[in-house]
Amino acid sequence: MKLSDEEEGKHVVNKEGTKLGMVSQVEGNRAHVDPDPGVSDAIKSKLGWSDADGDTYPIEESDIESIDDDKVRLNR
């Protein structure tokens, strides 16, 4: 899946459809996600977000299953 600036503002969901946050910025093959306040620590840990610093968390193109008009679905 190829990321572009058009993904900024789209919701990010996991494979089950749980909303994780919103794409705040795209840089190359990485999107930065502003997490939803309700995202649990367990989900953050599964995504590798528990150790990240800052207010946003990265996802790589290889983490993405699909992109449509309003959301980015992760493959895990």
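**Figure 1. Salt bridges across the predicted model.** A search of the whole structure finds seven salt bridges, a salt bridge being a side-chain nitrogen of Lys or Arg within 4 Å of a carboxyl oxygen of Asp or Glu. Side chains of opposite charge can pair when their charged atoms come close. This is a predicted model, in which local features need pLDDT of at least 70 and side-chain atom pairs count only at pLDDT 80 or more, while totals for chains, interfaces and linings use all residues. Residues are numbered from 1 along each chain as its sequence is written, and side-chain values use heavy atoms, with hydrogens and water left out.

**Figure 2. The salt bridge between Lys 2 and Glu 61.** The side chains of Lys 2 and Glu 61 meet with N and O 3.8 Å apart. This pair links distant parts of the chain, 59 residues apart: Lys 2 lies in the segment before β1, and Glu 61 in the loop between β4 (57-60) and β5 (64-67). Helices (H or I, at least four residues) and strands (E, at least two) are DSSP runs, numbered from the N terminus. Lys 2 is exposed, because its relative accessible area is 65%, whereas Glu 61 counts as buried at 18%. In these terms, buried means under 20% relative accessible area, exposed over 50%, and partly exposed in between, with a 1.4 Å probe and protein chains only.

**Figure 3. The salt bridge between Lys 19 and Asp 36.** The closest N and O atoms of Asp 36 and Lys 19 are 3.8 Å apart. Asp 36 belongs to the loop between β3 (30-35) and α1 (41-46), and Lys 19 to strand β2; the pair links distant parts of the chain, 17 residues apart. Asp 36 is partly exposed, with a relative accessible area of 24%. Lys 19 is also partly exposed, at 37%.

**Figure 4. The salt bridge between Asp 63 and Arg 76.** In this pair the side chains meet at 3.5 Å, N to O. Asp 63 is in the loop between β4 and β5, and Arg 76 is in the segment after β6 (71-74), 13 residues apart. Asp 63 counts as buried because its relative accessibility is 13%, while Arg 76 is partly exposed at 36%.

**Figure 5. The surroundings of Asn 14.** Asn 14 is found in the loop between β1 (11-13) and β2 (19-27). With 9% relative accessibility, this residue counts as buried. Its side chain reaches the backbone nitrogen of Glu 16 at 3.1 Å. That is a polar contact, a pair of N or O atoms within 3.5 Å; within protein, one must be able to donate a hydrogen and the other to accept it, and residues adjacent in sequence count only if both atoms are side-chain atoms. Leaving aside neighbours within four places in sequence, Asn 14 is in contact (heavy atoms within 4.5 Å) with Leu 20, Arg 73, Leu 74 and Arg 76.

**Figure 6. The six-stranded sheet.** An open sheet has the strand order β4-β3-β2-β1-β6-β5, with mixed pairing. Its edge strands, β4 and β5, each pair on one side only. Two strands pair if DSSP finds at least two bridges between them. Three bridges join β1 to β6, which run parallel, and Val 12 stands opposite Val 72 in β6. Three bridges also join β5 to β6, which run antiparallel. A hairpin through three residues connects β5 to β6. Ile 64 has Leu 74 as its bridge partner in β6, and Ser 66 stands opposite Arg 73.

**Figure 7. Leu 74 and the largest nonpolar core.** A nonpolar core is a set of buried Ala, Val, Leu, Ile, Met, Phe, Trp, Tyr and Cys residues joined through side-chain atoms within 4.5 Å. The largest such core has 15 residues, of which Val 12, Leu 20, Trp 49, Ile 59 and Leu 74 touch the most other members. Two or more residues come from each of β2, β3, β4 and β6, and β2 gives the most, with three residues. On β6, Val 72 and Leu 74 form the covered face, and Lys 71 and Arg 73 the uncovered one. Not counting residues up to four places away in sequence, Leu 74 touches several residues, including Val 12, Val 13, Asn 14, Leu 20, Leu 47, Ile 59 and Asp 63.
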